[in-house]
Amino acid sequence: MHLIDPGTAGEHVRRAATLLQSALGASPMAAGRASGRVNLIGEHTDYNQGLCLPLALPHATYAVVAPRGDDQVRAVSTLAPGTYAGDPATAGGWAAYSAGVVWALREEGLDIPGIDMAIASSVPVGAGLSSSAALSCSVAMAIAALVGPIDPEVMLRATMRAEHERAGAPTGGMDQTVALFATPGEALLLDFADGSRTPVTWAPPGLALLVIDTCAPHDLADGQYAARRAGCESAAAALGAASLRQVDEPALAGAAEAWLPLARHVVTENRRVEEFAQAVAAGEWPEVGALMTSSHESLRDDFAVSCDQLDVAVQVALDTGALGARMTGGGFGGSAIALLPEDRVQPAMAAVASAYAGRHWREPRFLRA
Ligand code: GAF
């Protein structure tokens, strides 16, 4: 049982550069970096014009690139076997998030040459910590370093298009936004109604944010995520609102339709994000923890995106002294976060590992945000 180390930028860039040379025979000309994230609170709100508060991890993905003489892309990664080679307009799977970014930047009207690229990362893959956005944004950053500055808003649109149109995951933009706009360790209060991005100081004294990767499989392109998004859109339409951001709690009173639990989660979650930001600013850490736990209950009971591994991680962390705990990210597997006194971190890790072993689940992994 150990904590996943973010490593250093130098070490990851060297590994990627060595791979570029050995697998593709190319010399790196530029590099880019983008962070993974945990979301402190505000889940499944981004595509409802709502509020969320992600925190950029020290764990990051690094891309190194070299220009080619044609318009093709080749991509290799220390995390995936094989090489993607071909027209970036047809890239799928993990290549949607690497080669697909070249396609998307061209769609945005930029003149991007063919690219050879290699990737290294310390963001655990499939853990709900935004490894996909860290990948696509590191590629966009490396290409910007190669061809000259690219407007970050164009990079945001392009990385989102790669995910929507090449990978087929209709996500909301939180992950790419934090990857492109937050520095490591920085939390950003994102408002998807007015587009504002407000830095929030996250430094709970004497407390640690433990990330528990349940290692339960998680896939945002498998239809469950899209179904929740469509359900929210139906709820807003039935309520005569442009999005659930325009809906308040009294407006839900008396509703009995099937979409009610989805709408109730989104509407109450937006309120929890506001209360959480106020509690952080006031240093009211027990309240911060309580809001995290309420968010988890809402995601479990109303939005139905939790799973047994997440629920057990949250409960065991709370039983071990966490002020609060919740699933983070899209759900259906992935990771939970727990706000713990420093001296409860090791006991919580041991207790979660033992609870998982007792249920014959895959061994969880841990990192610190
Ligand atoms: C995933 C998506 F990529 C985000 O856009 C967001 O909707 C999140 O799930 C849930 O809050 O990470």
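Start by selecting residues 99–181, which the unreviewed UniProt entry annotates as "domain: GHMP kinase N-terminal". UniProt positions follow the numbering used here, feature names are shortened, and annotations may be inferred rather than shown by experiment. Numbering starts from 1 along each chain as its sequence is written. You're looking at a predicted model, where local features need pLDDT of at least 70, side-chain atom pairs count only at pLDDT 80 or more, and totals for chains, interfaces and linings use all residues.

This span is 59% helix and 8% strand, with its end C-alpha atoms 22 Å apart. Helices here are DSSP runs of H or I with at least four residues, strands are runs of E with at least two, and both are numbered from the N terminus.

Stay there and pick out helix H2 (residues 99–107) and helix H4 (residues 152–166), which pack at an angle of about 115° with axes 8 Å apart. The axes are lines fitted to C-alpha atoms over the stretch in contact, and angles run from 0 to 180 degrees between N-to-C directions. Show side chains now: in H2, Gly100, Val101, Trp103, Ala104, Leu105 and Glu107 meet Ala158, Thr159, Arg161, Ala162 and Arg166 of H4. Contact means that C-beta atoms, placed from the backbone, lie within 7 Å. That H2–H4 contact divides into six nonpolar, two polar and three charged residues. (Ala, Val, Leu, Ile, Met, Phe, Trp, Tyr, Cys and Pro count as nonpolar; Asp, Glu, Lys and Arg as charged; the others, Gly among them, as polar.)

Next, colour domain 1 (2–199) and domain 2 (205–368) separately. Those bounds come from an automatic or database domain assignment. Their centres, taken over C-alpha atoms, are 25 Å apart. Domain 1 puts 31 residues into the contact and domain 2 puts in 39. On the domain 1 side, strand S1 (30–39) and strand S2 (51–52) are the elements giving two or more residues. That side has 17 nonpolar residues, 13 polar and one charged.

Now go to the ligand. Both domains give residues to its shell, so the ligand lies between them. The shell has 13 residues, the closest being Glu43, Thr171, Gly172, Met174 and Gly330. A residue belongs here if its C-beta atom, placed from the backbone, lies within 6 Å of the molecule. Sorted by class, the shell holds three nonpolar, seven polar and three charged residues.

Two more selections to go. Residues 23–67 are listed by UniProt (unreviewed entry) as "domain: Galactokinase N-terminal"; this stretch is 4% helix and 58% strand. Finish on residues 277–357, "domain: GHMP kinase C-terminal" in the unreviewed UniProt entry, where the chain is 59% helix and 15% strand and the end C-alpha atoms are 36 Å apart.

Conventions. Contact = placed C-beta atoms within 7 Å.
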